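Trainee: I would like a close look at a single part of this protein, and then a walk through what lies around the rest of the chain. Please take it slowly.

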Amino acid sequence: MTSYIASNLKILLWNARSILCKIWELRRVSSNYDIIACVESWLKPNHHVHLSGFHEYRLDCRHARCGGIVIWARKELLFNALELASSHATVELGGLRITNVNPQLDLIVCYRTPGSNLSQECWNQLMSVARADRAAILMGDFNARSTSWNCECSDENGMRLENAYGVANICLHNFFSSTFIDLRRRYHSNLDLVFSTFNISHLISTEISDDTMGSDHYTVCINIALKRHLHFQKKHRINSVRTDWAEVQRTLDEEYFHFLAPAYDHMDVTDKYNKLLDTITKTIVSHTPTRQLVSKRKHINPVPWWDSECDKANRLRLAAFKRYNHSLELCDLIEYNKRAAIMRSILKRRKKECFHRFAANLNFRSNPSHVWKVCKIFKNKWVNTKPVVRDSIALDEFDFALNKLCPPWAETNPDSMPAFIHRNQFFDAPFSYHEINAALESKRDSAAPGIDGIGFDVMKRLPPKYVFLLLDIFNEMHRQASFPDDWKKIFVIFIKKPSGSGLRPISLMSCF
């Protein structure tokens with residue numbers, strides 16, 4: 001059964017007007033968001049952009065300069081690309097269906113190039129892509145003005161869009177915001193709109209930033225309160241690299257007297273095994289520090305060259321922008337443009353200097369893994385991620401794989417099996433101390449443990465007196481043909497074979 005946890009999904013909507021010259025600033029703020037949707041990316045197929053920790057879905061611009069949509073989704077989000085038909089040549093549509101949230105979310109991004117009028121039918125068709133029977137968000141730059149959503153004047157497209165989203169029965173969230181500013185004409189408007197279906201409208205809130213990050217559109221932050229898939233990695237191992245093995249040895253020596261008591265000698269062999277297992281487990285757990293769960297984003301530094309000088313230039317640019325936005329004087333506009341140019345120059349220079357310092361410190365002793373990790377940050381790499389479709393395994397595939405491993409006709413009751421009357425002196429002889437040590441030496445320390453969490457590395461660290469106890473238990477089990485029920489419980493994971501011809505079982509059983 002899938003587990004979910006209440007959480008906020010943070011989405012950034014931004015008309016960037018060229019991603020290439022602003023990608024450095026976007027990388028810096030990317031750690032705050034789960035999904036980043038940019039319109040007017042101005043990207044061509046030969047342009048390479050990359051955000052660390054994100055999968056990329058993009059539609060390059062079809063026109064000479066403007067247009068283009070790019071969506072970055074965090075790698076822990078599973079999504080499929082939506083097949084969307086554009087209602088007009090001037091309308092670009094791209095979207096993802098996020099599948100590991102509850103409810104599943106359709107995220108649709110739109111950009112409409114200005115300068116042309118769409119018919120009411122085209123607008124109706126565009127709004128209908130957000131299906132009312134699904135949890136859907138439709139957002140983007142629609143270039144449609146209406147006084148209903150805080151534009152100074154209405155145009156024909158704005159009135160038709162207003163009629164269309166009413167017909168489609170979807171909700172507009174940012175009525176009273178201003179997302180576009182024309183610095184030269186001193187004009188504000190609300191062009192970047194966020195719509196949603198009514199079944200999730202109560203879960204959504206929007207916030208407009210006060211910084212354009214060098215564009216002429218403010219960024220729009222969208223928060224969705226939904227349930228996200230609670231992903232955790234199943235780990236059985238009870239020890240770690242921080243286990244205090246000296247204390248483990250000391251505690252095991254102190255607990256050994258329990259195995260010398262007469263009560264232990266009168267136990268059943270499976271009870272002896274369980275007592276030994278409990279003693280080892282409790283001792284290791286008590287001397288292994290618990291792991292603190294820290295968000296991976298806490299230590300992310302997507303742009304290592306960003307320093308106090310970049311922060312200062314960013315603050316001065318923002319201050320110049322707010323000053324002009326208040327005074328609307330030409331001299332303040334010139335000052336803002338000057339600060340924006342200085343900001344771009346500083347970012348370019350700081351990145352180059354940071355890389356030069358890194359390269360100067362490299363030598364033949366440098367860790368290749370570290371070198372490549374740092375280079376991935378500096379390299380403007382394009383991860384051309386196709387729509388992410390994680391291989392889901394249907395129940396009938398599980399049944400087929402299980403029936404191959406355990407056919408329904410196979411006998412499962414040992415009492416009904418024919419008795420084996422021939423004796424073999426070698427197999428009937430008790431195990432020796434040499435044999436148990438030889439068996440342990442042949443096992444890798446890195447082998448995964450079973451459900452009990454004890455691996456071969458733990459067994460090799462046991463004091464010799466505990467190995468003798470284990471040897472006595474093995475021989476008694478062998479003699480009585482009595483084995484613990486835990487040995488019959490095996491943790492099995494099915495993965496798809498690369499050829500696609502079936503499933504491969506990966507089994508973890510008790511190392512004992």
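Mentor: Take helix H8 first: its buried residues are Asp332, Leu333, Tyr336, Ala340, Met343, Ile346, Leu347, Arg350, Lys351, Cys354 and Phe358. Keep in mind that the model is predicted. An α-helix has 3.6 residues a turn, so residues three or four places apart point the same way. Helix H8 covers residues 330–360, and at 1.5 Å a residue its 31 residues should span 45 Å; the end C-alpha atoms are 45 Å apart, which agrees.

Next, the sheet. Six strands form an open sheet with mixed pairing, in the order E5-E6-E8-E9-E13-E10. Helix H3 (residues 156–167) lies across E8, E10 and E13, at about 15° to E13.

Last, the nonpolar cores. The largest has 31 residues, and Leu276, Ile280, Ile454, Met459, Tyr466 and Phe512 touch the most other members. Helix H14 (464–480) is among the elements that give two or more residues to this core, and H14 gives the most, with eight residues. Leaving out residues up to four places away in sequence, Ile454 touches Ile238, Leu277, Ile280, Thr281, Pro449, Met459, Cys511 and Phe512. A second, separate core has 29 residues, including Ile35, Ile71, Val101 and Ile222.

Note on methods: Residues are numbered from 1 along each chain as its sequence is written. This is a predicted model: local features need pLDDT of at least 70, side-chain atom pairs count only at pLDDT 80 or more; totals for chains, interfaces and linings use all residues. Side-chain values use heavy atoms; hydrogens and water are left out. Helices (H or I, at least four residues) and strands (E, at least two) are DSSP runs, numbered from the N terminus. The expected span of a helix is 1.5 Å times one less than its number of residues. Buried means under 20% relative accessible area, exposed over 50%, partly exposed in between (1.4 Å probe, protein chains only). Two strands pair if DSSP finds at least two bridges between them. Contact means heavy atoms within 4.5 Å. Axes are lines fitted to C-alpha atoms, for helices over the stretch in contact, and angles run from 0 to 180 degrees between N-to-C directions. A nonpolar core is a set of buried Ala, Val, Leu, Ile, Met, Phe, Trp, Tyr and Cys residues joined through side-chain atoms within 4.5 Å.
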